[in-house]
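Please look over the sequence and the model below before reading on. The report that follows goes through one loop, then the sheet, the helices and some single residues.

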Amino acid sequence: MGQNPRNNNERLNELFKELRRTAKVVARRNFSCCSTCASAELNEVAKERNKRGVVYYHRQDNDSLKEGGEYVMLGYGATNAEGISISCNSAESHRIGVAIQKAARKVGLSAKWNGDVNMKIEIQLPGGLSA
């Protein structure tokens, strides 16, 4: 991990770096137009790179952050060797969710998640990206 991040934007960068390193997933910020497209495109990338899952937020989420939003909802899920999502009710998706929570704490962010792999994980950014 880098030097102590100074604001939420840097903490979010560190979160995605940490997830790529420790959870062995494809992790992207501001990726694609929506959840459906982001998930489909990243599942293919996961297949090409032999990763076990994906974590992302999309452009619509990013637009909300630019407008002063104080949280971002992370999409995530496991994929199989063919790049097909196996997210619903999978132990591997749950592992990725737990990894997101752990990595968020490590970089100084708070993650709200009830453990349901069918729900996105809320990363809280009090004061927005620049805080």
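## A loop residue and the basis of the report

Val117 lies in the loop between E4 and E5, where helices (H or I, at least four residues) and strands (E, at least two) are DSSP runs, numbered from the N terminus. Val117 is buried, with a relative accessible area of 11%; buried means under 20% relative accessible area, exposed over 50%, and partly exposed in between, with a 1.4 Å probe and protein chains only. The C-alpha atoms of Val117 and Ala104 are separated by 17 Å, although the two residues are 13 residues apart along the chain.

This is a predicted model, in which local features need pLDDT of at least 70 and side-chain atom pairs count only at pLDDT 80 or more, while totals for chains, interfaces and linings use all residues. Residues are numbered from 1 along each chain as its sequence is written, and side-chain values use heavy atoms, with hydrogens and water left out.

## The sheet

An open sheet is formed by 5 strands in the order E1-E2-E3-E5-E4, and the pairing is mixed; two strands pair if DSSP finds at least two bridges between them. Strand E1 (26-28) and strand E4 (110-112) stand at the edges with a single partner strand each, so one side of each is left without a neighbour in the sheet. From one strand to the next, the twist averages 20°.

Strand E3 (residues 71-78) is mostly covered, since 6 of its 8 residues are buried. E3 pairs in the antiparallel sense with strand E2 (residues 53-56) over 4 bridges, and Val55 stands opposite Tyr76 in E3. E3 and strand E5 (residues 121-124) also pair in the antiparallel sense over 4 bridges; here Tyr71 stands opposite Gln124 in E5, and the bridge partner of Leu74 in E5 is Ile121. In a regular strand the side chains alternate between the two faces of the sheet.

## The helices

Helix H2 (residues 35-49) lies across E1 and E2 and runs at about 140° to E2. For such angles, axes are lines fitted to C-alpha atoms, for helices over the stretch in contact, and angles run from 0 to 180 degrees between N-to-C directions.

The axes of helix H1 (residues 8-22) and helix H4 (residues 91-106) come within 9 Å and cross at roughly 130°. H1 and H4 are therefore oblique to each other, given that angles under 35 degrees count as roughly parallel, over 145 as roughly antiparallel, 65 to 115 as roughly perpendicular and the rest as oblique. The contact (heavy atoms within 4.5 Å) is made by Leu15, Glu18, Leu19 and Arg21 of H1 and by Ala99, Ile100, Ala103, Ala104 and Lys106 of H4.

## Residues with a positive phi

Most residues other than glycine have a negative phi, and most peptide bonds are trans. Ser32, placed in the loop between E1 and H2, has a phi near 65°, a positive value in a residue other than glycine. Ser32 is buried, with a relative accessible area of 5%.

Asn50 is found in the loop between H2 and E2 and has a positive phi of about 55° although it is not a glycine. Asn50 is exposed, with a relative accessible area of 68%. Thr22, whose place is in helix H1, is partly exposed, with a relative accessible area of 39%. Thr22 and Asn50 are 28 residues apart in sequence and 15 Å apart in space, C-alpha to C-alpha.
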